[in-house]
Amino acid sequence: MEANLKSRSATALAGIPLLILVVGWGDLWLFTGLILLVNLAALYEFFTMAFPQHTAERAFGIVFAMGLSLWVLGFESPGRDIGLSIFLVFCFCLYLFMGGDLKERLLHLALTLFGGFYLGF
């Protein structure tokens, strides 16, 4: 337990001043990049726990959620909502071609949607 506390303390000592520096004096692109990097780490951790033996579905979940994150951060454009709709339909259809029985595919789709929308937004 003491090693875990030392690791967390070292992370906090390095991370908190960096966070203050980026939020207080950093550019918008730097702050956005930091948020996306933290989001990527959280997605990797979630999908590693959700799909421990399914590397392809883990990678798909991370790409799906990062796509949602980038859509949220995207600029306003006329085709933005249509692009999201096409992206979502494409991602949902990919699960038709993944291995396993229907119950397993639906469970994996539910985990991917939960992780994507919960962590991606």
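## A walk through the helices

Val 72 has a relative accessible area of 40%, so it is partly exposed; buried means under 20% relative accessible area, exposed over 50%, and partly exposed in between, with a 1.4 Å probe and protein chains only. This is a predicted model, in which local features need pLDDT of at least 70 and side-chain atom pairs count only at pLDDT 80 or more, while totals for chains, interfaces and linings use all residues. Residues are numbered from 1 along each chain as its sequence is written, and side-chain values use heavy atoms, with hydrogens and water left out.

Val 72 is placed in helix H3. Helices (H or I, at least four residues) and strands (E, at least two) are DSSP runs, numbered from the N terminus. Leaving aside neighbours within four places in sequence, Val 72 is in contact with Arg 80 and Phe 121, where contact means heavy atoms within 4.5 Å. The C-alpha atoms of Val 72 and Val 22 are separated by 21 Å, and these two residues are 50 residues apart along the chain.

Helix H3 covers residues 55-73, and its 19 residues should span 27 Å at 1.5 Å a residue; the end C-alpha atoms are 27 Å apart, which agrees. The expected span of a helix is 1.5 Å times one less than its number of residues. The buried residues of H3 include Phe 60, Gly 61, Ile 62, Phe 64, Ala 65 and Leu 68, and also Glu 57 and Arg 58. Among the elements that cover the buried residues of H3 are helix H2 (28-50), helix H4 (80-94) and helix H5 (102-120).

Asn 39 is found in helix H2 and is buried, with a relative accessible area of 10%. Apart from neighbours within four places in sequence, Asn 39 is in contact with Met 66, Ser 69, Leu 119 and Gly 120; Met 66 and Ser 69 are among the buried residues of H3. Gly 116 lies in helix H5 and is buried, with a relative accessible area of 0%. Not counting residues up to four places away in sequence, Gly 116 touches Phe 47, Phe 64, Ala 65, Leu 68 and Phe 121. The C-alpha atoms of Gly 116 and Ala 65 are separated by 4.1 Å, although the two residues are 51 residues apart along the chain.

Helix H1 has 24 residues and reaches 34 Å from its first C-alpha to its last, close to the 34 Å expected at 1.5 Å a residue. Of those 24 residues, the number buried is one, so H1 lies largely in the open. Ile 16 lies in H1, which runs over residues 2-25. Ile 16, Leu 18, Ile 20, Leu 21 and Trp 25 make a nonpolar surface patch of about 580 Å². Patches are made of residues with over 30% relative accessible area and no salt bridge, with like charges joined within 9 Å and nonpolar side chains (Val, Leu, Ile, Met, Phe, Trp, Tyr) within 5 Å. A salt bridge is a side-chain nitrogen of Lys or Arg within 4 Å of a carboxyl oxygen of Asp or Glu. Accessible areas come from the Shrake-Rupley method with a 1.4 Å probe, and for residues only the protein chains shown count as cover.

The cysteines come last. A disulfide is a pair of cysteine sulfur atoms within 2.5 Å, and by this rule the count is zero. The sulfur of Cys 91 is 9.4 Å from the closest cysteine sulfur, in Cys 93, which is too far for a bond. Cys 91 counts as buried at 4% relative accessibility, whereas Cys 93 counts as partly exposed at 34%.
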